[in-house]
Amino acid sequence: MLLAIDAGNTSITAGCLEGGSLLCRAQFSAERRTADELAVLMGQALRMRGVDTAAFEGAVMSCVVPPLLEMLRGAVRLVTGHDPLVIGAGVKTGLNIGIDDPSTLGADLVASAVAALDGRTPPVIIADLSTATTIFVIDGKSRLLGGAIMPGAAVSLDALAGTASLLPSIPFEAPKRCIGTNTNDCMKSGAVFGTASAIDGMIDRFEAELGMETSLVATGYLARRIVPHCLHSLEIDEDLTMKGLALIWERNRRARKK
């Protein structure tokens with residue numbers, strides 16, 4: 001069994017995988033904690049889900065929040081007894097990265113791209129709807145070309161309520177109609193339908209630049225709330241990053257055995 005950790009700006013997700021399949025997941029807020037505190041939270045959450053933490057063969061981790069990295073590494077070591085493989089320079093991913101500076105590519109996006117290419121024929125467009133909305137492109141030669149980053153829909157909604165004195169804080173959900181007839185529904189329409197329209201528009205522009213249609217996949221904790229309102233048909237895979245982490249861990253384990 002493998003422990004996979006995906007640490008983002010908003011939350012930390014811990015997933016248990018076996019044979020590439022996700023058995024269970026637990027989620028924590030990404031606030032600053034010590035390694036001991038994180039280990040207690042993680043261990044308790046996993047045991048509540050019936051996980052025997054002594055059964056872990058290894059651990060793998062992506063982290064886009066540098067201040068969290070060492071605390072998480074220590075927590076994973078305490079919970080599993082293994083030093084985690086941290087996605088970064090020197091790690092074998094099998095991904096051909098074509099952006100200007102590959103070192104700036106988020107580890108979570110690397111993992112998602114690896115998983116997207118497993119069983120899908122490129123070119124592929126991946127939309128990650130989390131704290132940020134990230135849409136990136138893998139071309140027909142399985143090369144990650146780059147993409148676009150926008151403020152996440154929930155972040156934008158919170159920022160709007162926080163900076164415009166007459167606009168209220170509201171739950172993140174789709175209204176019944178796109179044309180809102182009150183302030184709350186207008187804000188919901190902009191957050192949900194506006195983001196869906198932005199994703200549709202970026203897909204159209206990306207495919208026009210590529211000169212071909214693509215496979216479309218979406219992930220991230222907001223995917224199920226937004227993607228059903230897109231005009232394009234995107235496959236939703238909330239476990240995409242976890243699956244990619246497991247694939248990368250397995251590739252590196254095989255490389256070490258050679």
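Okay, a bit of housekeeping before we start. What you see is a predicted model, where local features need pLDDT of at least 70 and side-chain atom pairs count only at pLDDT 80 or more, while totals for chains, interfaces and linings use all residues. Residues are numbered from 1 along each chain as its sequence is written, and side-chain values use heavy atoms, with hydrogens and water left out.

Let's begin with valine 124. You'll find valine 124 in strand β7, residues 124-129; helices here are DSSP runs of H or I with at least four residues, strands are runs of E with at least two, and numbering goes from the N terminus. So is valine 124 buried or exposed? It counts as buried, because its relative accessibility is 0%. Buried means under 20% relative accessible area, exposed means over 50%, and partly exposed is in between, using a 1.4 Å probe and protein chains only. Not counting residues up to four places away in sequence, valine 124 touches Ala116, Phe136, Val137, Ile138, Thr214, Ser215 and Val217, where contact means heavy atoms within 4.5 Å.

Now, the core. The largest nonpolar core has 30 residues, and Ile87 and Ile126 are among those with the most contacts inside it. By nonpolar core I mean buried Ala, Val, Leu, Ile, Met, Phe, Trp, Tyr and Cys residues joined through side-chain atoms within 4.5 Å. Which elements give two or more residues to this core? They are β1 (2-7), α3 (107-116), β7, β8 (132-138) and α7 (240-257). Helix α3 gives the most, with eight residues. As background, nonpolar side chains tend to be buried together in soluble globular proteins.

Next, two helices. Helix α4 (residues 153-163) packs against α5 at an angle of about 155 degrees, with the axes 10 Å apart. The axes are lines fitted to C-alpha atoms over the stretch in contact, and angles run from 0 to 180 degrees between N-to-C directions. That makes α4 roughly antiparallel to α5, because angles over 145 degrees count that way. Where do they meet? Ala153, Leu157 and Leu160 in α4 meet Met187, Ala191 and Thr195 in α5.

Last stop: serine 189, which lies in helix α5, residues 183-210. Serine 189 counts as buried, because its relative accessibility is 8%. Leaving aside neighbours within four places in sequence, serine 189 is in contact with Pro175, Cys178 and Gly194.

Key:
Parallel < 35°, antiparallel > 145°, perpendicular 65-115°, else oblique.
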